[in-house]
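Open the model in your viewer and keep the selection tool at hand. The stops below go from one element out to the whole chain.

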Amino acid sequence: MLCITNAYAQDNFKVTVKDKENASPLQGVTILVKGSGIIAKTAENGTASLSNIPNGKQILIVRNVGYEEQWITLNFPLKQTSPLEIFLAASEDELEEVIVSSTRTSRSIQNTPTRVETIELEEIDEKSNMRPANVSMILHESTGISVQQTSATSANASIRIQGLDGRYTQLLKDGYASFGNFASGLSILEIPPLDLSQVEIIKGPSSTLYGAGAIAGVVNFISRTPKEKAEFNFIVNQSNVGQTNIGGFGMQRNKKFGYSLLALANFQKAYDVDDDDFTELPKTKDFTIHPKLFFYPSERATLVIGNAFTKSDRTGGDIFVVNNNADASHRYFETNNSIRNTSTLDFSYKTTEKDLLKIKTSFNYFKRGIAIPDYRFDGINYNAYTDISYLKNIKNQSLIFGANLVYDDFTEQNQAVSLAKNFTTKTAGLYAQQTWDITQKFKLESGMRIDFVNYFNANYNKKEAFALPRISALYKFNDKWSSRIGGGLGYKTPTLFTEQTETFQYQNLLPLNQVKAERSYGGTADVNYKTNIGDDWMVSLNQMFFYTRINNSTILLQDVAGSFHFENTSLPVQSKGFETNAKIIFKEYFKLFAGYTFTSAKANYLPVIQTIRLLPKNKLNLALLYEKERNFKMGLEGYFTDRQYLYNNQQTSAFWEFGFMAEKVFGKISVFVNAENFTDTRQSKYKSVVNGSHLNPTFDDIWTHTEGRTFNAGIKLKL
């Protein structure tokens with residue numbers, strides 16, 4: 001008997017991948033054989049082995065974040081006496097490994113036990129095309145986060161995380177807490193995106209890291225730092241709703257000195273889309289200038305001095321009044337005039353190659369005036385912040401110790417002391433945190449903060465101490481699967497300035513009296529999966545669960561005389577739910593993002609319906625992007641928002657909104673167009689937002705767009 005068969009020889013192959021500049025081995029580099037499904041990743045020493053490679057001409061694809069991709073053609077079988085050395089050059093696009101600073105250890109995001117979500121420079125650049133004036137659009141796409149408009153005529157807004165009120169979200173700029181409390185409704189409207197390199201989001205209790213106000217989470221806006229190669233970016237934007245934006249950002253450094261400068265001016269005409277004589281967008285003029293000086297006295301030391309100044313004037317209300325045509329039938333207006341000046345000093349010194357001493361201090365001055373007919377509210381908020389920390393890195397561990405002092409003082413102007421809404425908070429805190437790489441797969445981060453707080457006004461003086469433990473863990477099952485879990489305690493000192501009180505301009509609001517700080521506990525847990533499918537597909541999935549409970553939240557009550565005041569309640573507020581995120585990339589050109597958020601947040605003190613107001617139970621985010629690097633990009637977005645309960649216990653309708661953007665690059669110049677909410681989802685299509693007469697109007701809660709569709713176009717210049 002004769003048997004004939006075909007046999008194909010298969011080979012094993014070894015490589016070592018190194019950095020082209022310093023010849024150091026690179027870990028985690030992906031090596032795949034094109035068209036075969038054979039894939040491997042380099043170990044800590046930079047080596048990898050591929051098995052069962054068919055004979056003949058084969059193409060190896062070598063990829064690593066932050067490096068240029070290499071395609072290598074080889075004829076198999078190969079006779080190897082030593083591994084093939086491959087040297088990767090850093091990518092011109094600077095796709096560096098994502099380093100997060102919000103956990104204070106400056107670790108890569110892959111090795112950080114605390115769950116941190118990042119929005120990178122590329123996405124920030126896209127979102128700034130849509131709204132160059134402020135950062136509200138940057139957060140619009142993130143699951144579990146909503147930007148809640150608090151004024152129908154002035155378009156003030158706050159940030160909510162996982163269904164909790166905006167006062168429980170800590171906003172930071174480069175780690176400085178210069179926003180919040182009296183600034184609440186204007187905070188995100190006064191942070192321009194032009195100088196940002198990254199946005200870092202920690203969801204869930206973060207008071208161990210940042211003290212009061214981080215019950216729901218932290219959003220840290222990270223500025224760009226200068227490099228030896230000078231960079232200059234300019235933008236001019238115009239929209240159909242009457243907004244004009246003109247701005248620029250530049251930076252450069254040499255061996256001993258560096259600088260950065262941000263300057264931006266925004267102009268908005270009064271805009272009334274539904275012809276009801278009331279503005280959906282206020283008449284606005286604001287200006288921001290933010291210079292920074294960087295000094296490098298030695299290779300170990302860095303000193304950064306900065307000063308950010310913002311002036312904003314916003315006037316909404318009756319369109320006739322805003323346009324200086326007031327008469328006996330048209331007299332309603334709402335003005336918000338503010339000045340913010342923040343001075344910062346940041347000193348870093350590397351005591352050894354890995355250890356870091358850091359001193360940060362800032363002083364913030366914020367003056368705001370609010371006026372409506374027959375009423376005016378003026379106040380000044382001073383905030384001083386100093387933090388000293390020391391980061392010690394030893395084998396498999398990062399230890400950080402620190403202390404900080406925070407002084408916050410609000411003074412109402414032109415009011416008797418006994419009636420003024422004055423309030424002062426002084427905080428002294430000590431904290432310590434350990435990040436421990438127990439094994440290559442298991443990493444643990446634990447921390448403790450102790451805060452001593454004194455808050456007072458003319459009515460009362462309260463002193464409290466808070467012990468705030470926190471723990472989080474990361475476990476890597478393999479190269480594709482990982483999981484994080486974490487939790488901790490939080491607190492929030494009393495404040496009069498909330499989303500609810502913002503809606504009526506703090507009118508008839510009594511000073512705080514015997515109100516204590518709110519306390520909370522909660523946590524998050526997630527599972528992550530990431531893989532490559534063939535040569536062209538990359539899939540990333542994340543499933544996260546969250547829970548937060550506030551035990552003695554402050555609630556707003558109204559007495560028989562019509563005055564409002566705050567009290568603590570023993571009944572809890574609970575927020576729980578989950579977020580699902582998926583990202584699919586095809587050939588690095590097509591990117592699909594999908595996110596779903598389920599939130600069940602209830603306040604047990606609410607009568608009848610305990611669901612937190614203005615909170616959709618279900619929310620879906622979809623985005624499809626096509627991009628050819630340095631050439632052309634276009635994207636389509638869709639968002640679904642479920643029904644919401646209003647403060648009058650009525651339910652809104654569910655709605656979809658869609659957006660489109662495109663950008664074309666011509667060398668150093670790019671031209672962009674954007675159609676936001678082009679299907680014209682608008683609250684006034686369901687019911688008029690304004691009630692009553694022109695002389696004494698009232699306004700419904702804002703639960704979707706008021707301005708309708710927005711088209712804008714502009715030019716960017718990058719040098």
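Helices here are DSSP runs of H or I, at least four residues long, and strands are runs of E, at least two, both numbered from the N terminus.

This is a predicted model, in which local features need pLDDT of at least 70 and side-chain atom pairs count only at pLDDT 80 or more, while totals for chains, interfaces and linings use all residues. Residues are numbered from 1 along each chain as its sequence is written, and side-chain values use heavy atoms, leaving out hydrogens and water.

Over the chain, pLDDT averages 90, and 97% of the residues score at least 70.

Now show the whole chain as a cartoon. Its secondary structure comes to four helices and 41 strands. The radius of gyration, taken over C-alpha atoms, is 27 Å, close to the 27 Å from the globule rule (2.2 Å times the number of residues to the power 0.38) for 719 residues, so the chain is as compact as a globular protein of that length.

Finally, colour the chain by burial: 53% of the 719 residues are buried.

Conventions:
Buried < 20%, exposed > 50% of the residue type's maximum accessible area, 1.4 Å probe, protein only. pLDDT = per-residue confidence, 0-100.
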